[in-house]
Amino acid sequence: MALQIGEECFACYACETVCPAGAISCQGDRFVINPALCSECQDIDTPRCIAICPEPGVIRNAKKRD
Amino acid sequence: MDNNNNSGPQTHVDTRPSCKTKCASDTLTLDINLTRQADSAAEIGLAQLQKVSQHPCYSNNAHHKYARMHLAVAPACNIQCNYCNRKYDCANESRPGVVSELLTPEQALFKAQAVAKAIPQLSVIGIAGPGDPLANPVRTMSTLALLREAMPDIKLCISTNGLTLIDHIDDLVRLGVDHVTVTINALDEVIAAQIYKWIYLDGKRYTGVEAGRILIQRQMAGLQALSKAGILTKVNSVLIPGINDGHLPELSRELRRNNVFLHNIMPLISKPEHGTFFGLSGQREPSESELDAVREESGGNVSQMKHCQQCRADAVGMLGEDRSSEFNLQDINSQPVDYPQTMVDRSRFQSAIASRGASERQASLIVAIASGNNSQIDLHFGHTDCFKLYLLTENEHHYIGERRIKRYCSGSNDCPDTDPAPEQSSSLDNAIKALHGVDLLLCSRIGIDPKQALEEVGITLDVSYAYQAVNSVLPGLFSKYKDVAQLKWLQQIKKEVI
């Protein structure tokens, strides 16, 4: 269970800055999510990285919630 | 990031492919109207005048003499503005993710010192993006802390969209940031909803009118807190025809109520190739006459800045020029800067600017004054966190800047002049280092240890003017220390000849 960042990522650092698990890091010219650390922000409706990402749909595979 | 507007001293990260050349040609009118109808020198006050006298983005006079630089340490942004698209920044931009452009706090300090040495007119360092400085609090505050400690003669400023400003006021005060620019485009949540696609706050994205309401409320709370903290504030607004053009004069009235010093109304930059919402939706840019008209109408409320160059988040140099390409990290890395010596050279250069060259032609002195209220010599040496520097010549005195130090003593004002606690020793060392190049120091009182330490590095102390007015003391001071000035002058000439 983890989110993924697509290749359209243009490395603006926003997701890395707000991730409470420290799961996001810069790899080359884009960011990646460490699946071992990502919890998809169970405490809130929309994971923080998705809420702040300026590029729609780049962070994917969010668990569907009610 | 706040593309048009999140401008520090003044930032605009242009997104056009040919932004380098276009930025340089984006020259707006170079005059500034700092004489709004209601203004008077008394209203602005000495403290504010001194604060802006060396800030190119706050003073029309200063922008001909002093330079600024922006450090691109803050990539993330917490607002999507409709005039901004982060994705299409050009290769020459300070685009986040382009490693050579985005700086770590340590790299930022390194670059800042190299620029301060190469461009002695540099008086201000700002963090303005390329995102929002306060959406990157760790990177921004770490950078400011490093700069503050290592570069006591530099003014620090930030430029923010204001969404989280209220949460960071204490840090900004602690780090001695005394200029903040806030980009505010609307006071009306319905208008704001047409300008911002979304905001991100405390883990959640807000859109529409709700986003506008939260943003405006937090921006205004931020302005009030800045005013209370004594931080000089400029507000940038992007003029968007048909959306906020009729609204900006009303905004400027509210800014006046919140003690905003300067209002910078900037034209929207909007082209389809920028890929911004406005660029793609066909939102037009304002004409020059529309811009003039809104500035004119708003000028009755708050002084208008008209010399803004809408520069980039990594700009270096005088307003209107960008020398950032001369200071790539790879080029400057091998040359560490001796900053205390650089500071001496910079003070000398800035003395020459302030005195129009007089300090290079005759004997002069640099005096540091410990003043809390800016008008009297009223501070104990150990309680001073910002010394005001003046240049004295036989007939003139000029304000030439400041040196900020970490307060050396936290005791009461009437403390005995005894030895300091051991932990104060390093603060004293830092204070002495920060005063490098000062000839004479006036304060209300000083302990034995700091007195000896200052005298050892050749700084003459005088506490006989305690609680007297700075303006009445300065005119007679040169003749009292003429011998010191002449000795220094001889040494200077000798050094240059040999």
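## A tour of chain B

Chain B has 18 helices and 15 strands; helices (H or I, at least four residues) and strands (E, at least two) are DSSP runs, numbered from the N terminus. The model is predicted, with local features needing pLDDT of at least 70 and side-chain atom pairs counting only at pLDDT 80 or more, while totals for chains, interfaces and linings use all residues. Residues are numbered from 1 along each chain as its sequence is written, and chains are lettered from A and ligands numbered from 1 in the order in which they are written.

Select all of chain B. Of its 498 residues, 51% are buried, where buried means that 20 or more other C-beta atoms lie within 10 Å of the residue's own, with C-beta atoms placed from the backbone.

Select residues 155–160 of chain B, which form strand S4; six of its six residues are buried. Lys155(B), Cys157(B) and Ser159(B) point one way from S4(B), and Leu156(B), Ile158(B) and Thr160(B) point the other way.

Ile125(B) stands opposite Leu156(B). With helix H5 (residues 137–150) of chain B, S3(B) and S4(B) make a right-handed β-α-β unit: with the strands pointing away from the viewer, the path from the first strand over the helix to the second runs clockwise. From S4(B) the chain crosses through helix H6 (residues 169–174) of chain B to S5(B), again as a right-handed β-α-β crossover.

Strand S5 (residues 177–183) of chain B runs parallel to S4(B), joined by five bridges. Here Ser159(B) stands opposite Thr181(B).

**Antiparallel sheet.** Next, show the open sheet of three strands in the order S2-S6-S7 of chain B, paired antiparallel. Its edge strands are S2 (79–81) and S7 (204–207) of chain B, each pairing on one side only.

Select strand S6 (residues 196–201) of chain B: three bridges join it to S2(B), and four join it to S7(B). Cys81(B) stands opposite Tyr196(B), and Trp198(B) stands opposite Thr207(B). Two residues lie between the strands in the hairpin of S6(B) and S7(B), where Asp202(B) takes a positive phi near 50°.

**Chain A contact.** Finally, show both chains. The contact takes 16 residues from chain B and 14 residues from chain A; residues are in contact if their C-beta atoms, placed from the backbone, lie within 7 Å.

Key: Two strands pair if DSSP finds at least two bridges between them. A residue is buried if 20 or more other C-beta atoms lie within 10 Å of its own, exposed if 12 or fewer, and partly exposed in between; C-beta atoms are placed from the backbone. Two residues are in contact if their C-beta atoms, placed from the backbone, lie within 7 Å.
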